[in-house]
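Reader: I'm new to this one and would like a close look at a single part. Could you walk me through the aromatic rings, and whatever sits around them?

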Amino acid sequence: MSYQPHKGFFILLLLLLFGAGSIGCRNLEQRPVMKIGYMNCNSEAETMARFKPLTAYLSEQLGIDFEVVPVDTQDFEERFAAGEFAFGHSNSLLYIMLKETQQAQLIATEKRGQYGARTAGAIISKKGSGITTLEDLKGKRMLYGPQLAPSGYLAQYDLMLQVGLDPEVDLAYYAIPHGSFKHEKVVYGVYFGEYDVAAAPALDLELMIAEGRVTADDFNIIAQSEIIPYCTFSAARSVPNDLVVKFRKALLSLTPETTVDYNGERIRVLDSAWITGFDQLTDGDYDPIRRMAKNANMPPYQEF
Amino acid sequence: MRDRFDKICLLAIVVTLIAIVAFASGFVRSDKNRVGDERGPAVERAIQEQVRANFLLETFEPVEQLKEKREYAAALLKVQELEKSYPGEPHLQILRGSILVEQGALTEGIARYAAAVRVNGDYVDANSRLNRRTEITRLVEDSLPGIKSSLEADPNPTYKKALKTLYYLQSRLAGGCE
Amino acid sequence: MVLLAGAVLGLFGVMLADWGNPQNSGICVSCFVENTAGAVGLHANARMQYIRPELIGFVLGSLVSAFSLGEFKSRGGSAPMPRFLAGLFLIVGCAVFIGCPIKLFLRLTAGDLTTLAGLAGLIGGVVVGLRGLAGGVDFGRQQKQVGTTGIWMPAMFVLLLVLVLVRPGFVYFSDRGSAALHAPLLVSLGAGLVIGFLAQRSRFCVTASIRDLFLMGRRAPLLWGLLAFLLVSVSGNLATGSFRPGFYGQPGAHLDFVWSFLGMALVGWISVLLGGCPFRQLIKAGEGDSDAGMVVLGMLVGGGLVQSWEIAATAAGVSLFGKVAVLVGILFVLLNTLLFRERPAAAADR
């Protein structure tokens with residue numbers, strides 16, 4: 001007697017084939033692809049390592065395949081204007097530049113360190129150097145951070161101008177370190193006596209103290225700037241508002257426990273990006289940077 | 001009519017009661033002169049709490065001094081350094097909160113104050129040596145209207161969170177049983 | 001008598017807070033139980049330790065009343081272990097809400113609108129409990145007990161009175177926090193005695209008033225006591241300037257409305273099964289009811305656990321442990337509803 005397969009068996013087989021086919025089709029469906037430009041703090045490798053998991057999380061939340069584009073600080077505005085990436089993660093001064101020249105949309109501000117979504121710049125000298133006031137800076141050797149660093153250059157430059165000191169005239173000379181880790185080099189420059197004073201971001205000092213590389217008692221804080229927003233996510237003018245809102249919501253809903261699948265591992269998004277969270281600041285919260293940039297004749301308000 | 005058994009029991013009760021009263025009254029009388037291990041856990045705890053309050057106020061005094069001189073960045077860096085030795089200590093959060101509020105980082109400062117009060121209610125307790133009631137009351141009264149109006153103008157989750165935290169502090173200041 | 005008892009409870013509920021007790025906590029049986037449990041070393045929260053004389057007053061006032069009227073009767077034997085655990089979960093429900101049913105109304109009459117969720121929960125719990133009773137749920141009949149077993153719970157409160165007067169070194173008294181806030185000892189004790197006496201005479205109980213409203217409608221005498229209580233406490237809060245209507249910034253309150261609802265639902269449900277809220281259990285324990293005494297012991301243990309295990313809510317909200325504890329409490333009541341149900345067929349066989 002030959003075996004006669006039941007009619008139901010064929011129907012089930014057909015259904016399975018149809019189901020598998022539709023799943024396969026779904027997998028082949030193309031998700032939109034967009035790019036996020038991340039400002040390099042130290043190196044491309046570091047930027048990729050920090051922000052790839054966060055980007056994977058954003059892709060997961062928004063259903064868009066985001067790609068990470070590491071961007072050097074000085075190229076950021078030009079590449080953003082050229083449309084190389086629709087979203088940008090940059091320092092707050094770059095955000096102002098993008099806002100003023102490209103009408104970028106503010107998304108959210110990164111939280112890191114004791115100030116949360118804000119930070120500040122400080123002018124430091126070595127304890128025992130006798131340099132304790134801004135007046136003492138006259139004729140001294142000073143080390144600054146990179147020129148577009150709001151809390152490592154702009155804030156200190158502005159602080160000096162506010163008390164009538166012109167860094168271009170009143171200092172013996174000033175310099176900006178080469179290569180990566182400029183902010184740390186600035187702190188070490190003073191720590192090891194190569195320079196008399198330095199423009200140190202409060203956050204970098206804080207991190208170096210937390211890691212035990214220096215102590216709070218090693219330095220005099222000669223002056224401190226007002227607080228200004230920290231690194232910022234923004235979007236190009238062309239990005240639809242509902243996508244900006246979704247992007248913001250995804251960032252604001254991040255908690256220290258949020259994880260993402262990345263390279264076969266389940267990892268914590270915020271930890272991997274060295275961030276403690278995001279806040280929604282208003283564009284008006286960035287006005288202190290605008291004032292500083294105008295006072296220091298820096299972009300986007302530079303006049304020649 | 002009670003039998004002999006009852007009478008013995010009653011007598012034993014009377015004797016035991018007299019003994020209890022005698023020992024208990026002796027205990028009460030000699031209370032002030034007792035030393036060493038006999039001073040009791042409540043007294044021991046009171047001493048520990050006094051020592052803890054003294055220790056905190058003394059250890060974190062440099063931060064207070066820097067804050068008084070309005071050297072906020074230096075004060076915050078000192079807080080960061082002390083946190084390495086005393087991680088999780090709510091007094092650090094109170095100090096951090098007060099410095100941040102002075103500097104205008106209002107929402108972050110409010111969050112730090114609330115984090116400290118959640119762990120240690122002494123900061124809103126008028127009877128405590130760690131009491132910061134006046135400071136926290138001022139913070140709540142000064143910042144509530146501003147945060148409320150900011151939230152009305154812009155339904156922003158950061159303001160929403162700050163408002164919720166302020167209500168928490170307001171509730172703790174209002175007292176009640178918890 | 002019911003009107004008088006309700007009015008006096010409302011008056012002292014407001015005035016004791018004015019005389020030194022925590023805000024909106026002139027009378028709060030669950031808070032007082034937690035304080036007392038801490039004082040005798042059942043938990044280590046240094047801000048919640050004080051033997052509350054009001055509790056002693058409730059029990060001893062009831063004892064005096066019961067003795068003077070010949071109503072003191074040693075009775076008990078009805079499901080002692082479930083009653084003990086029910087007492088424990090009564091405090092769990094109260095701790096998650098932050099307050100017993102009396103405090104619920106004191107908070108409400110002081111303008112704390114966050115209590116509305118708790119009130120809805122309490123009413124819901126009473127309704128569910130009544131459905132249970134109607135369906136045959138019963139912990140069993142009490143029996144008259146030989147000896148004077150009913151005297152031991154009042155005796156325990158006499159011991160607490162001695163401890164609060166003598167203040168030996170092994171008893172803890174908070175010097176800060178809400179337990180450090182209290183009216184003068186003799187005032188608290190006196191108020192407790194008066195309330196205990198009147199409550200024993202009148203059988204007044206907040207939860208029973210709500211229960212009777214559903215059973216008897218407007219004819220329920222206890223309902224009038226509740227109305228007198230509300231009227232006096234609203235007037236008192238207005239007169240003392242404690243009336244601050246609103247949802248936010250209220251003393252000893254949180255905004256976890258779902259858990260306020262569930263916490264008080266648990267209290268309402270258990271109270272109906274036990275025949276009274278935490279306050280009523282103290283009064284019954286004073287008149288010789290050992291079953292109520294078991295509930296009171298459970299309440300004391302619960303008072304220790306809710307603090308030690310961080311079950312008690314704070315102004316920051318309800319902890320995960322608190323949420324789990326309420327659900328375990330609801331599970332406990334559901335299981336007992338099944339286990340102690342006298343089904344119609346079984347009843348007919350008897």
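Author: Let's begin with what a ring pair is: two rings of Phe, Tyr or Trp pair if their centres lie within 6.5 Å. Keep in mind that this is a predicted model. With that idea of a pair, you can follow the cluster in chain A, where ring pairs link A:Y38, A:F51, A:F66, A:F87, A:F233, A:F247 and A:F278. Over all chains, a search of the whole structure turns up 31 aromatic pairs.

Let's take one of these pairs up close. A pair of aromatic rings is described by the distance of the centres and the angle of the planes. For A:Y144 and A:Y174, the centres are 5.0 Å apart and the planes stand at 75°, so this pair is edge-to-face; the cut-off for that label is an angle over 60 degrees. The two residues are 30 apart in the chain, and their pair links distant parts of it. A:Y144 is in the loop between strand 7 (141-143) and helix 5 (150-162) of chain A, while A:Y174 belongs to strand 8 (residues 173-175).

Now for another pair in chain A. The rings of A:Y191 and A:F192 have centres 5.1 Å apart and planes at 85°, so they are edge-to-face too. A:Y191 is partly exposed, at 25% relative accessible area, whereas A:F192 counts as exposed because its relative accessibility is 58%, and the cut-off for exposed is over 50%. A:Y191 has a charged neighbour as well: the charged end of A:K126 sits over its ring, 5.4 Å from the centre.

Chain C has a charge over a ring too, with C:R107 lying over the face of C:F97 at 4.5 Å from the ring centre. One of its members, C:L255, is in the loop between helix 10 (221-239) and helix 11 (257-274) of chain C. C:L255 is partly exposed, with a relative accessible area of 31%, and it qualifies for a patch on that count because the cut-off is over 30%.

Last, how do the chains meet? Two pairs of chains touch, and the one with the most contacts is B and C. Chains A and C do not touch, and their nearest C-alpha atoms are 16 Å apart.

Notes. Residues numbered from 1 in each chain as written. Chains lettered and ligands numbered in written order. Predicted model: local features only at pLDDT ≥ 70, side-chain atom pairs only at ≥ 80, totals over all residues. Heavy atoms only, no water. Helix = DSSP H or I, 4+ residues; strand = E, 2+ residues; numbered from the N terminus. Buried < 20%, exposed > 50% of the residue type's maximum accessible area, 1.4 Å probe, protein only. Phe/Tyr/Trp six-rings, centres within 6.5 Å; stacked < 30°, edge-to-face > 60°. Lys NZ or Arg CZ within 6 Å of the ring centre and 35° of its normal. Contact = heavy atoms within 4.5 Å.
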